[in-house]
Amino acid sequence: MTQPTLYILDDHPVVAEGLAQLLATEKKYCITTGHHYSELYQYITHTIPDLLILDYELHDKTALDVLAYLRKKEIHIPVIVYTMHTEFWIIKLLIKGEVSGIVIKSDKTEEISKAIASILEEQKKFYSSSALNVVLSILGDHSAADSVSYTPSPRENEIINMLSRGLTSDEIAQELNLSKNTIDTMRKNILLKSGAINVSHLMRMAFIKGWITV
C-alpha cells in the first residue's frame, strides 16, 4: 500500500525537520520538507502531496498567500496550518480560506498527528484544542454581533479604525484635532451603543461586522 505523501513548509528549518522526524517515527507517511514557498511551488510542478502542512508566516508571504496560489493553479490539496498565532482575526481568515486543519505549535505534539489522521483517514476537518477555543469564541462573537443593531457614524467608525491601529486617546485626539476628553467620551459612547465590554471586545465585533479590515 502506498504511503500518503506529506509536504511540510516552515521557514524555520529546525521546526520543519523536527516535525518531519516526529512524524517519521509513525512510519506511515512519505515526508518532504521545504523552508521557502518557492521550494513548494517548484515541488508541485511535478508532485502533488496528499497533505500540506504550512507555517502561517513564510518569509514575505503567509499561508493565505500560498492558499491563493494553489487556488489560482487549480491545485486542490488539504492544508493544515501549524502556527504559533492564536489571534482571532488570523484564525478567522484561515477558516474563511477553507483550510482543513489548524494546529497551534504550543499544543501537545500529538495534536498534529490527530489532525493528519482526521483529514486523511476520516476526511474531517481538525482544530487543535487551542485553535478550537478561538473558533468557538469567534462563533460566539458572531452570534453576539448578529444581535447588535448599532451602526457607527462616520466619525465613530474613524475612531474605531484608529483604535484598531493601536492608537491611544491622546494620539487620536491629535490626529482629529479634538480634545482627549472628547475622544474618551466618544469611546465610552461607542462601547455603550455596541454593547462591547472593552476595547478588545469592540475590535472583535468590529472585525466581524466589517467596520474594520485587516
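This is a predicted model: local features need pLDDT of at least 70, side-chain atom pairs count only at pLDDT 80 or more; totals for chains, interfaces and linings use all residues.
**Entry 1: inventory**

I then took the box around the C-alpha atoms along the principal axes, and it comes to roughly 70 × 30 × 30 Å. Of the 214 residues in the protein, 44% count as buried. I also looked at contacts with a separation of 6 or more, where residues 24 or more positions apart account for 61%.

**Entry 2: the sheet**

Next I went through some of the pairs. Strand β1 (residues 5-9) runs parallel to β3, and 4 bridges join them. In this pair I found leucine 6 opposite leucine 51 of β3. On to β3 with strand β6 (residues 79-83): parallel again, over 3 bridges. Here leucine 54 stands opposite valine 81 in β6. Then I checked β6 against strand β7 (residues 101-104), which pair in the parallel sense over 4 bridges. Tyrosine 82 has valine 103 of β7 opposite.

**Entry 3: a closer look at β3**

Are the faces of strand β3 covered or open? I checked residues 51-54 and found both faces covered. Leu51 and Ile53 point to one side, Leu52 and Leu54 to the other, and all of them are buried. I also looked for a helix over this part of the sheet.

**Entry 4: α7 against α8**

I moved on to a helix pair: α7 (residues 154-164) and α8 (residues 169-176). Their axes are 10 Å apart and the packing angle is about 130 degrees. Roughly antiparallel would need over 145 degrees, therefore I log α7 and α8 as oblique to each other. The crossing of α7 past α8 is right-handed.

Which residues of α7 and α8 meet? From α7 I listed Arg155, Glu158, Ile159, Met162 and Leu163; from α8, Ile172, Glu175 and Leu176. Sorted by type, the residues of this contact give 5 nonpolar, 3 charged and no polar.

**Entry 5: positive phi**

Most residues other than glycine have a negative phi, and I went looking for exceptions. Lysine 27 is one of them, with a positive phi of about 55 degrees. I placed lysine 27 in the loop between α1 (13-24) and β2 (30-34). Asparagine 177 also turned up: its phi is positive too, about 60 degrees, and it is not a glycine. The place of asparagine 177 is the loop between α8 and α9 (180-194).

Is lysine 27 buried or exposed? Its relative accessible area is 70%, and the cut-off for exposed is over 50%, so I have lysine 27 down as exposed. For asparagine 177 I noted a relative accessible area of 70%, so that one goes down as exposed as well.

Note on methods. Residues are numbered from 1 along each chain as its sequence is written. Side-chain values use heavy atoms; hydrogens and water are left out. Buried means under 20% relative accessible area, exposed over 50%, partly exposed in between (1.4 Å probe, protein chains only). Helices (H or I, at least four residues) and strands (E, at least two) are DSSP runs, numbered from the N terminus. Two strands pair if DSSP finds at least two bridges between them. Axes are lines fitted to C-alpha atoms, for helices over the stretch in contact, and angles run from 0 to 180 degrees between N-to-C directions. Angles under 35 degrees count as roughly parallel, over 145 as roughly antiparallel, 65 to 115 as roughly perpendicular and the rest as oblique. A crossing is left-handed if the near helix is turned anticlockwise from the far one by less than a right angle, and right-handed if clockwise. Contact means heavy atoms within 4.5 Å. Ala, Val, Leu, Ile, Met, Phe, Trp, Tyr, Cys and Pro count as nonpolar, Asp, Glu, Lys and Arg as charged, and the others, Gly among them, as polar.
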